[in-house]
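Look through the structure below before reading on.

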Amino acid sequence: CARMRDAGVDIAFIPSVEEIYPEPDNRVFDLGKVAEVMEGTMRPGHFNGVAQIVSKLFRMVEPTRAYFGEKDFQQIAVIRKMVQLEGFSLEIVACPIKREEDGLAMSSRNVRLTPEHRAVAPQIHKILTRSVDMKSEGASVVDVKAYVVDAINALEGLEVEYYEIVDALSMQAVGAWDEAAAGGFCCNVGTLRIQSSLSLFICRSSAAPDYVGRLRCHCLLWL
(Lines give C-alpha, C1' and ligand atoms only; values in the text may rest on other atoms or scores of the structure.)
Protein backbone atom coordinates (compact mmCIF):
# COMPACT_ATOMS: atom_id res chain seq x y z
CA CYS A 1 0.00 0.00 0.00
CA ALA A 2 2.83 2.41 0.82
CA ARG A 3 4.34 1.84 -2.61
CA MET A 4 1.01 2.62 -4.29
CA ARG A 5 0.64 5.81 -2.24
CA ASP A 6 4.14 6.87 -3.22
CA ALA A 7 3.21 6.30 -6.87
CA GLY A 8 0.18 8.55 -6.56
CA VAL A 9 -2.47 5.82 -6.70
CA ASP A 10 -5.94 7.10 -5.70
CA ILE A 11 -7.90 3.85 -5.68
CA ALA A 12 -6.81 0.19 -5.64
CA PHE A 13 -9.33 -2.44 -6.76
CA ILE A 14 -8.35 -5.71 -5.06
CA PRO A 15 -11.27 -8.15 -5.38
CA SER A 16 -11.39 -11.55 -3.77
CA VAL A 17 -11.37 -14.78 -5.77
CA GLU A 18 -15.04 -15.22 -4.91
CA GLU A 19 -15.91 -11.83 -6.41
CA ILE A 20 -14.13 -12.62 -9.66
CA TYR A 21 -15.23 -16.25 -9.90
CA PRO A 22 -18.61 -16.68 -8.21
CA GLU A 23 -19.04 -19.54 -10.67
CA PRO A 24 -16.82 -21.22 -13.28
CA ASP A 25 -16.14 -19.15 -16.39
CA ASN A 26 -16.72 -21.39 -19.41
CA ARG A 27 -16.76 -18.68 -22.05
CA VAL A 28 -14.83 -19.35 -25.24
CA PHE A 29 -13.66 -16.32 -27.19
CA ASP A 30 -13.28 -16.37 -30.96
CA LEU A 31 -9.97 -14.54 -30.92
CA GLY A 32 -8.99 -15.74 -34.36
CA LYS A 33 -5.50 -16.14 -35.74
CA VAL A 34 -3.96 -13.47 -33.50
CA ALA A 35 -4.14 -16.00 -30.65
CA GLU A 36 -3.17 -19.10 -32.62
CA VAL A 37 0.52 -18.44 -33.30
CA MET A 38 3.67 -18.25 -31.17
CA GLU A 39 2.49 -18.41 -27.53
CA GLY A 40 -0.93 -19.56 -28.73
CA THR A 41 0.69 -22.63 -30.26
CA MET A 42 2.92 -23.32 -27.28
CA ARG A 43 0.25 -22.71 -24.62
CA PRO A 44 -3.15 -23.79 -25.99
CA GLY A 45 -6.02 -22.10 -24.17
CA HIS A 46 -3.80 -19.53 -22.47
CA PHE A 47 -5.12 -16.53 -24.36
CA ASN A 48 -8.73 -17.59 -23.88
CA GLY A 49 -8.04 -17.47 -20.15
CA VAL A 50 -6.50 -14.01 -20.56
CA ALA A 51 -9.62 -12.84 -22.40
CA GLN A 52 -11.85 -14.27 -19.67
CA ILE A 53 -10.17 -12.54 -16.73
CA VAL A 54 -9.47 -9.23 -18.47
CA SER A 55 -13.03 -8.96 -19.77
CA LYS A 56 -14.29 -9.58 -16.22
CA LEU A 57 -12.09 -6.77 -14.95
CA PHE A 58 -13.30 -4.37 -17.64
CA ARG A 59 -16.96 -5.12 -16.88
CA MET A 60 -16.45 -4.58 -13.15
CA VAL A 61 -14.34 -1.43 -13.38
CA GLU A 62 -15.57 0.13 -16.65
CA PRO A 63 -12.30 1.97 -17.31
CA THR A 64 -11.70 4.57 -19.99
CA ARG A 65 -8.11 3.38 -20.40
CA ALA A 66 -6.31 0.16 -19.51
CA TYR A 67 -2.52 -0.07 -19.34
CA PHE A 68 -0.53 -3.19 -20.21
CA GLY A 69 3.23 -3.61 -20.21
CA GLU A 70 4.87 -4.41 -23.50
CA LYS A 71 6.63 -7.44 -22.05
CA ASP A 72 4.03 -9.50 -23.86
CA PHE A 73 3.43 -7.94 -27.25
CA GLN A 74 1.14 -10.72 -28.47
CA GLN A 75 -1.02 -10.56 -25.36
CA ILE A 76 -1.71 -6.87 -25.98
CA ALA A 77 -2.84 -7.75 -29.50
CA VAL A 78 -5.12 -10.44 -28.07
CA ILE A 79 -6.63 -8.04 -25.54
CA ARG A 80 -7.29 -5.50 -28.28
CA LYS A 81 -9.10 -8.22 -30.22
CA MET A 82 -11.16 -9.14 -27.16
CA VAL A 83 -12.09 -5.48 -26.63
CA GLN A 84 -13.32 -5.35 -30.23
CA LEU A 85 -15.33 -8.56 -29.85
CA GLU A 86 -16.95 -7.46 -26.60
CA GLY A 87 -17.62 -3.90 -27.73
CA PHE A 88 -15.83 -2.27 -24.80
CA SER A 89 -15.42 1.49 -25.10
CA LEU A 90 -11.92 1.99 -23.78
CA GLU A 91 -8.37 2.60 -24.91
CA ILE A 92 -5.67 -0.04 -24.53
CA VAL A 93 -2.38 1.68 -23.76
CA ALA A 94 0.88 -0.22 -24.26
CA CYS A 95 3.50 0.83 -21.69
CA PRO A 96 7.25 0.80 -22.35
CA ILE A 97 9.34 -1.32 -20.03
CA LYS A 98 12.23 -0.41 -17.79
CA ARG A 99 15.61 -2.07 -18.25
CA GLU A 100 18.62 -2.85 -16.16
CA GLU A 101 21.85 -1.14 -17.18
CA ASP A 102 22.90 -4.25 -19.10
CA GLY A 103 19.66 -4.31 -21.13
CA LEU A 104 17.73 -7.01 -19.28
CA ALA A 105 14.10 -6.06 -18.74
CA MET A 106 13.38 -5.32 -15.10
CA SER A 107 11.30 -8.05 -13.48
CA SER A 108 10.91 -9.50 -10.01
CA ARG A 109 11.36 -12.89 -11.65
CA ASN A 110 14.91 -12.09 -12.66
CA VAL A 111 15.98 -13.29 -9.21
CA ARG A 112 15.05 -16.81 -10.35
CA LEU A 113 17.86 -16.80 -12.87
CA THR A 114 21.06 -18.51 -11.79
CA PRO A 115 24.14 -16.25 -11.75
CA GLU A 116 25.34 -17.94 -14.93
CA HIS A 117 22.03 -17.43 -16.73
CA ARG A 118 21.69 -13.89 -15.41
CA ALA A 119 25.07 -13.09 -16.94
CA VAL A 120 24.10 -14.39 -20.38
CA ALA A 121 20.43 -13.27 -20.54
CA PRO A 122 21.21 -9.65 -21.58
CA GLN A 123 22.74 -11.03 -24.78
CA ILE A 124 19.20 -11.64 -26.05
CA HIS A 125 18.53 -7.90 -26.06
CA LYS A 126 21.81 -7.24 -27.85
CA ILE A 127 21.08 -9.89 -30.49
CA LEU A 128 17.61 -8.54 -31.14
CA THR A 129 18.98 -5.01 -31.35
CA ARG A 130 21.53 -6.21 -33.88
CA SER A 131 18.69 -7.68 -35.93
CA VAL A 132 17.25 -4.15 -36.24
CA ASP A 133 20.53 -2.99 -37.75
CA MET A 134 20.53 -5.94 -40.13
CA LYS A 135 17.07 -5.01 -41.38
CA SER A 136 18.22 -1.41 -41.89
CA GLU A 137 21.22 -2.72 -43.82
CA GLY A 138 18.95 -4.58 -46.23
CA ALA A 139 18.88 -8.09 -44.78
CA SER A 140 15.83 -10.17 -45.66
CA VAL A 141 13.28 -11.53 -43.19
CA VAL A 142 14.75 -15.00 -43.70
CA ASP A 143 18.28 -13.78 -42.99
CA VAL A 144 17.27 -11.91 -39.84
CA LYS A 145 15.36 -14.93 -38.50
CA ALA A 146 18.32 -17.21 -39.14
CA TYR A 147 20.71 -14.80 -37.41
CA VAL A 148 18.60 -14.46 -34.28
CA VAL A 149 18.02 -18.20 -33.91
CA ASP A 150 21.64 -19.16 -34.58
CA ALA A 151 23.13 -16.42 -32.37
CA ILE A 152 20.95 -17.25 -29.38
CA ASN A 153 21.36 -21.00 -29.75
CA ALA A 154 25.12 -20.44 -29.69
CA LEU A 155 24.89 -19.00 -26.15
CA GLU A 156 25.57 -21.39 -23.29
CA GLY A 157 22.35 -22.69 -21.74
CA LEU A 158 19.98 -21.00 -24.21
CA GLU A 159 17.76 -22.73 -26.75
CA VAL A 160 15.26 -20.99 -29.05
CA GLU A 161 11.73 -22.32 -28.84
CA TYR A 162 10.44 -20.10 -31.62
CA TYR A 163 11.24 -16.87 -33.40
CA GLU A 164 8.78 -15.40 -35.89
CA ILE A 165 8.63 -12.10 -37.73
CA VAL A 166 4.99 -11.15 -37.95
CA ASP A 167 2.60 -8.37 -38.84
CA ALA A 168 2.35 -6.28 -35.65
CA LEU A 169 -1.44 -6.12 -35.80
CA SER A 170 -2.49 -9.57 -37.02
CA MET A 171 0.46 -11.54 -35.58
CA GLN A 172 0.68 -13.46 -38.86
CA ALA A 173 4.08 -14.33 -40.32
CA VAL A 174 5.43 -12.07 -43.05
CA GLY A 175 7.85 -12.95 -45.82
CA ALA A 176 9.04 -9.40 -46.44
CA TRP A 177 9.34 -6.22 -44.41
CA ASP A 178 6.18 -4.15 -44.20
CA GLU A 179 5.24 -1.03 -42.25
CA ALA A 180 4.26 -2.92 -39.10
CA ALA A 181 6.66 -5.83 -38.71
CA ALA A 182 7.42 -7.33 -35.30
CA GLY A 183 9.52 -10.20 -34.02
CA GLY A 184 8.05 -12.65 -31.55
CA PHE A 185 10.54 -14.81 -29.71
CA CYS A 186 10.82 -17.36 -26.94
CA CYS A 187 13.77 -19.37 -25.69
CA ASN A 188 14.64 -21.59 -22.77
CA VAL A 189 17.23 -20.32 -20.29
CA GLY A 190 17.91 -23.22 -18.03
CA THR A 191 14.53 -24.13 -16.53
CA LEU A 192 12.93 -20.77 -17.38
CA ARG A 193 11.31 -19.53 -20.57
CA ILE A 194 12.31 -16.05 -21.70
CA GLN A 195 9.75 -14.53 -24.01
CA SER A 196 10.73 -11.48 -26.03
CA SER A 197 9.16 -9.27 -28.64
CA LEU A 198 10.79 -6.84 -30.99
CA SER A 199 8.59 -4.30 -32.74
CA LEU A 200 10.25 -2.91 -35.83
CA PHE A 201 8.07 -0.42 -37.65
CA ILE A 202 9.13 1.21 -40.89
CA CYS A 203 6.69 4.11 -41.00
CA ARG A 204 3.55 5.46 -39.39
CA SER A 205 0.19 4.22 -40.63
CA SER A 206 -3.32 5.20 -39.62
CA ALA A 207 -4.02 1.49 -39.10
CA ALA A 208 -1.07 0.96 -36.76
CA PRO A 209 -0.87 1.62 -33.00
CA ASP A 210 0.25 5.04 -31.77
CA TYR A 211 3.68 3.73 -30.79
CA VAL A 212 4.62 3.03 -34.42
CA GLY A 213 8.13 4.19 -35.18
CA ARG A 214 9.73 3.26 -31.86
CA LEU A 215 11.85 0.22 -31.10
CA ARG A 216 10.65 -2.30 -28.56
CA CYS A 217 12.82 -5.09 -27.21
CA HIS A 218 11.68 -6.80 -24.05
CA CYS A 219 11.84 -10.01 -22.10
CA LEU A 220 9.41 -11.83 -19.84
CA LEU A 221 10.31 -14.81 -17.71
CA TRP A 222 7.83 -17.67 -17.50
CA LEU A 223 8.17 -20.48 -14.95
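Two residues are in contact when heavy atoms of theirs lie within 4.5 Å. The model shown here is predicted, and the contacts described below are computed from it.

Start with Asn48, a residue of helix α4. Which residues does Asn48 touch, leaving aside those up to four places away in sequence? With that exclusion, Asn48 touches Arg27, Val28, Phe29 and Leu31. Is Asn48 buried or exposed? A residue counts as buried when its relative accessible area is under 20%. The value for Asn48 is 18%, so Asn48 is buried.

Helix α4, which covers residues 46–61, also holds Ser55. Ser55 has a relative accessible area of 0%, and therefore Ser55 is buried as well. Leaving out residues up to four places away in sequence, Ser55 touches Arg27, Phe29, Met82 and Phe88.

Now turn to the chain as a whole. The chain has 223 residues, and 47% of them are buried. Its secondary structure consists of eight helices and six strands. Read from the N terminus, the order of these elements is α-α-α-α-β-α-β-α-α-α-β-β-β-β. Among contacts with a separation of 6 or more, 62% are between residues 24 or more positions apart.

The last stop is a pair of helices. Two packed helices are described by the angle between their axes and by the distance between those axes. Helix α7 spans residues 122–136 and helix α8 spans residues 141–153. How are α7 and α8 arranged? Their axes are 10 Å apart, and the helices pack at an angle of about 160°. Angles over 145 degrees count as roughly antiparallel, so α7 and α8 are roughly antiparallel to each other. Their crossing is right-handed.

Which residues make this contact? From α7 come Ile124, Ile127, Leu128, Arg130, Ser131, Met134 and Lys135. From α8 come Asp143, Val144, Tyr147, Val148, Ala151 and Ile152. Sorted by class, the contact of α7 with α8 has nine nonpolar residues, one polar residue and three charged residues.

Notes. Residues are numbered from 1 along each chain as its sequence is written. This is a predicted model: local features need pLDDT of at least 70, side-chain atom pairs count only at pLDDT 80 or more; totals for chains, interfaces and linings use all residues. Side-chain values use heavy atoms; hydrogens and water are left out. Axes are lines fitted to C-alpha atoms, for helices over the stretch in contact, and angles run from 0 to 180 degrees between N-to-C directions. Helices (H or I, at least four residues) and strands (E, at least two) are DSSP runs, numbered from the N terminus. Angles under 35 degrees count as roughly parallel, over 145 as roughly antiparallel, 65 to 115 as roughly perpendicular and the rest as oblique. A crossing is left-handed if the near helix is turned anticlockwise from the far one by less than a right angle, and right-handed if clockwise. Ala, Val, Leu, Ile, Met, Phe, Trp, Tyr, Cys and Pro count as nonpolar, Asp, Glu, Lys and Arg as charged, and the others, Gly among them, as polar. Buried means under 20% relative accessible area, exposed over 50%, partly exposed in between (1.4 Å probe, protein chains only).
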